[in-house]
Amino acid sequence: MNLNSVNSLLLLSGVEVGKHYYWELAGITFHGQVFIVSLFVVFLLLIFSILGTSNVKTVPEGLQNLMEFVTEFTGTIAKDQIGESAYKPWIPFVGTLFLFILGCNWAGALIPWKLIEIPEGELAAPTNDINTTVALALITSFAYFYAGINKKGLGYFKRYLEPTPVLLPINILEDFTKPLSLSFRLFGNILADELTVSVLVMLVPLFIPLPIMVLGVFASSIQALIFSTLAAAYIGEALEGH
């Protein structure tokens, strides 16, 4: 490899897609705009949770009714994918995934973040940043590994040799592709939706983008459902071993 090739690779490694508002903490660089919106979503979820459970009544109404519906809905996801005998301990995990992703997606689709200026970059849905979706996918991976090892011990890894040891490389590769598919599916869909709306707003700034925005809210909900359903399915697979 000659000097020109080395210089070209060095230049390529410094290329960045878009601008970010960086935070420096203990020598680690964070995307500040992602943390701002993520903390906003977490704050809203905490407020709704506290208000919805602060005055519990026998006959639910208002926010309590909404909270019970959300709990039942996420519990159904866990039950359908994990199984009736083992799903209850996983309702908080599946429910948190669903609500956080839904909140992040809707925050990008419904809130006009571009009206708020920051030194670099712009505020948007945290799920349009690959770092967020990869982090969520890795958490899911740790969860289903924990589920399998907690139930079966080191015997969990026998699944890599089933139904035949010849499939060992493929079975190992499968566990690497799961977080990749989870992260890139969510990232790609949310980013594509925001780019589509942004382009339409620039070209036709009044009424034409509104149906696309409504469709984006629907698609954002579906992506949250898909991610949490697949996470529950992977946990169920680890517990059952098939």
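Helix 4 (residues 91–110) and helix 5 (residues 130–152) pack in this predicted model at an angle of about 175°, with their axes 12 Å apart. Helices here are DSSP runs of H or I with at least four residues, numbered from the N terminus. Axes are lines fitted to C-alpha atoms over the stretch in contact, and angles run from 0 to 180 degrees between N-to-C directions. Helix 4 is therefore roughly antiparallel to helix 5; angles under 35 degrees count as roughly parallel, over 145 as roughly antiparallel, 65 to 115 as roughly perpendicular and the rest as oblique. On helix 4, Phe93, Leu97, Phe100 and Ile101 meet Leu136, Ile139, Thr140 and Ala143 of helix 5, where contact means heavy atoms within 4.5 Å.

Residues are numbered from 1 along each chain as its sequence is written. Local features need pLDDT of at least 70, side-chain atom pairs count only at pLDDT 80 or more, totals for chains, interfaces and linings use all residues, and side-chain values use heavy atoms, with hydrogens and water left out.

The axes of helix 3 (residues 63–82) and helix 4 come within 9 Å and cross at roughly 115°. Helix 3 is therefore roughly perpendicular to helix 4. Their crossing is right-handed, a term for a near helix turned clockwise from the far one by less than a right angle. Val70, Phe73, Thr74, Gly75, Ile77 and Ala78 in helix 3 meet Ile91, Val94, Gly95, Phe98 and Leu99 in helix 4.

Within helix 3, Thr74 counts as buried because its relative accessibility is 3%; buried means under 20% relative accessible area, with a 1.4 Å probe and protein chains only. Leaving aside neighbours within four places in sequence, Thr74 is in contact with Ile91, Val94, Gly95 and Phe98.

Helix 2 (residues 32–53) packs against helix 4 at about 120°, with the axes 9 Å apart, and the two helices are therefore oblique to each other. This crossing is also right-handed. Val37, Ser38, Val41, Val42 and Leu45 of helix 2 make the contact with Leu99, Phe100, Gly103, Cys104 and Ala107 of helix 4.

The table gives the residue classes of each contact. Ala, Val, Leu, Ile, Met, Phe, Trp, Tyr, Cys and Pro count as nonpolar, Asp, Glu, Lys and Arg as charged, and the others, Gly among them, as polar.

| Contact | Residues by class |
|---|---|
| Helix 3 with helix 4 | 8 nonpolar, 3 polar and no charged residues |
| Helix 2 with helix 4 | 8 nonpolar, 2 polar and no charged residues |
| Helix 4 with helix 5 | 7 nonpolar, 1 polar and no charged residues |

Definitions and conventions: Buried < 20%, exposed > 50% of the residue type's maximum accessible area, 1.4 Å probe, protein only.
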